[in-house]
Amino acid sequence: MTWLWYVLAAIVAVLLLYWTVVVTEGTYLGTRAVVMMYDWTARRYNSIKKVRPIYEMYFLGAPLSERLPAREPRVLDVATGTGRLPATLLDGAQHPAIVIGVDHSLAMLEEAVTALGSLDGQAVFVQGDAHRLMFKDNTFDAVTCLEALEFMRDPRAVVVEMMRVLKPGGSMLVTNRIGWEAWLFPGRYCRRGRLEALLSELGMQDIDTHRWQVYYDLIWAVKPDSGQSRDERGIDEA
Ligand SMILES: C[S@@+](CC[C@H](N)C(=O)[O-])C[C@H]1O[C@@H](n2cnc3c(N)ncnc32)[C@H](O)[C@@H]1O
């Protein structure tokens with residue numbers, strides 16, 4: 001019967017390896033492991049994701065544009081990857097925005113620069129860690145982070161950093177992992193209601209969850225304002 005134990009142990013080891021490397025993409029091995037995974041897959045990332053510009057515009061670009069002030073809006077996209085958010089935002093921009101995309105993976109950023117580098121200073125990409133954003137407090141009109149929080153070493157710290165650099169009254173957009181896969185990320189703010197609870201605990205307002213994909217919800221939230229009206233901040237009333 002000893003051989004049976006060996007077989008069982010081998011199956012468990014393979015499953016554990018699959019969960020660690022493929023399913024959670026190195027999340028529980030630390031930031032370096034996650035970044036290494038994305039460095040490896042950067043060239044294939046866009047073809048794996050197969051994003052459709054029309055859906056990107058409907059769910060991301062257009063609603064984000066509506067939340068931005070008319071005058072020189074500045075947007076930060078944390079864990080920007082290959083520049084998905086900057087691409088849709090600038091595609092539909094009614095007024096010129098400046099979007100800064102931060103990511104830890106140089107290979108992902110190289111793909112973003114190849115795709116959007118021609119936008120003449122409107123899309124800027126910098127390498128950095130989402131846990132320590134290199135920007136002053138209250139800098140951006142909107143801060144976004146798509147499909148990435150669950151891979152971070154300390155998602156709460158990342159959300160706190162995103163809040164810090166967001167202007168009062170500015171909008172935050174984050175995604176929350178849902179569906180059965182969310183159960184494979186223990187200890188993370190996955191599953192419906194968890195990320196919303198964190199945002200509320202941190203003092204964010206107008207928290208609004210939208211269904212988006214099978215495995216992700218979109219969550220919008222607003223940083224408490226100092227009392228300025230939307231008009232004073234240059235945002236058109238719908
Ligand atoms: C699934 S991709 C999402 C990319 C993009 N937001 C999108 O929706 O296509 C996750 C991204 O998070 C980045 N990332 C992971 N940990 C990071 C960290 N600590 N700081 C900055 N970026 C990080 C990875 O390099 C990768 O580009």
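Colleague: At what angle do the axes of helix H3 (residues 53-66) and helix H4 (residues 84-91) cross?

Modeller: In this predicted model, the axes of H3 and H4 cross at roughly 75° and come within 8 Å.

Colleague: Why is H3 called roughly perpendicular to H4?

Modeller: Angles from 65 to 115 degrees count as roughly perpendicular. The crossing angle is roughly 75°, and therefore H3 is roughly perpendicular to H4.

Colleague: Which residues meet where H3 and H4 are in contact?

Modeller: From H3 come Pro53, Glu56, Met57, Leu60, Gly61, Leu64 and Ser65, and they meet Arg84, Leu85, Thr88, Leu89 and Asp91 of H4. Sorted by class, this contact holds six nonpolar, three polar and three charged residues.

Colleague: What makes H4 a mostly covered helix?

Modeller: A residue is buried if 20 or more other C-beta atoms lie within 10 Å of its own. Seven of the eight residues of H4 are buried, and H4 is accordingly described as mostly covered. The buried ones are Arg84, Leu85, Pro86, Ala87, Thr88, Leu89 and Leu90.

Colleague: What covers the buried residues of H4?

Modeller: The cover includes H3 and H5, together with strands S1 (74-78), S2 (98-103), S3 (123-127) and S4 (140-145).

Colleague: How do you know whether H2 is roughly parallel or roughly perpendicular to H5?

Modeller: H2 and helix H5 (residues 106-116) pack at an angle of about 25°, and their axes are 7 Å apart. Angles under 35 degrees count as roughly parallel, so H2 is roughly parallel to H5. In H2, the residues Tyr38, Asp39, Ala42, Tyr45 and Asn46 meet Leu106, Ala107, Met108, Glu110 and Glu111 in H5. The classes in this contact are six nonpolar, one polar and three charged residues.

Colleague: Which domains does the assignment give, and how far apart are their centres?

Modeller: The domain assignment gives domain 1 (2-47) and domain 2 (51-222). The C-alpha centres of domain 1 and domain 2 lie 26 Å apart.

Colleague: How many residues of each domain are in contact with the other?

Modeller: In domain 1, 14 residues are in contact with 15 residues of domain 2. Helix H1 (2-23) and H2 are the elements that give two or more residues to the side of domain 1 that touches domain 2. H2 gives the most to that side, with eight residues. By class, the side has seven nonpolar, five polar and two charged residues.

Colleague: How many residues surround the ligand, and which are closest?

Modeller: The ligand is surrounded by 20 residues, and the closest are Ala79, Gly81, His104, Ser105 and Ala130. Helix H2 (residues 31-49) gives the most to this shell, with four residues. The shell divides into 10 nonpolar, six polar and four charged residues.

Colleague: Which domains contribute to the shell around the ligand?

Modeller: Domain 1 (2-47) and domain 2 (51-222) each supply at least three residues of the shell.

Colleague: Where is Asp206 placed, and which residues does Asp206 touch?

Modeller: Asp206 belongs to strand S6 (residues 205-211). Not counting residues up to four places away in sequence, Asp206 touches Ala221 and Val222. Asp206 and Gly179 are 27 residues apart in sequence and 24 Å apart in space, C-alpha to C-alpha.

Note on methods
Residues are numbered from 1 along each chain as its sequence is written. This is a predicted model: local features need pLDDT of at least 70, side-chain atom pairs count only at pLDDT 80 or more; totals for chains, interfaces and linings use all residues. A residue is near a molecule or strand if its C-beta atom, placed from the backbone, lies within 6 Å of it. Ala, Val, Leu, Ile, Met, Phe, Trp, Tyr, Cys and Pro count as nonpolar, Asp, Glu, Lys and Arg as charged, and the others, Gly among them, as polar. Domain bounds come from an automatic or database domain assignment. Axes are lines fitted to C-alpha atoms, for helices over the stretch in contact, and angles run from 0 to 180 degrees between N-to-C directions. Angles under 35 degrees count as roughly parallel, over 145 as roughly antiparallel, 65 to 115 as roughly perpendicular and the rest as oblique. Two residues are in contact if their C-beta atoms, placed from the backbone, lie within 7 Å. A residue is buried if 20 or more other C-beta atoms lie within 10 Å of its own, exposed if 12 or fewer, and partly exposed in between; C-beta atoms are placed from the backbone.
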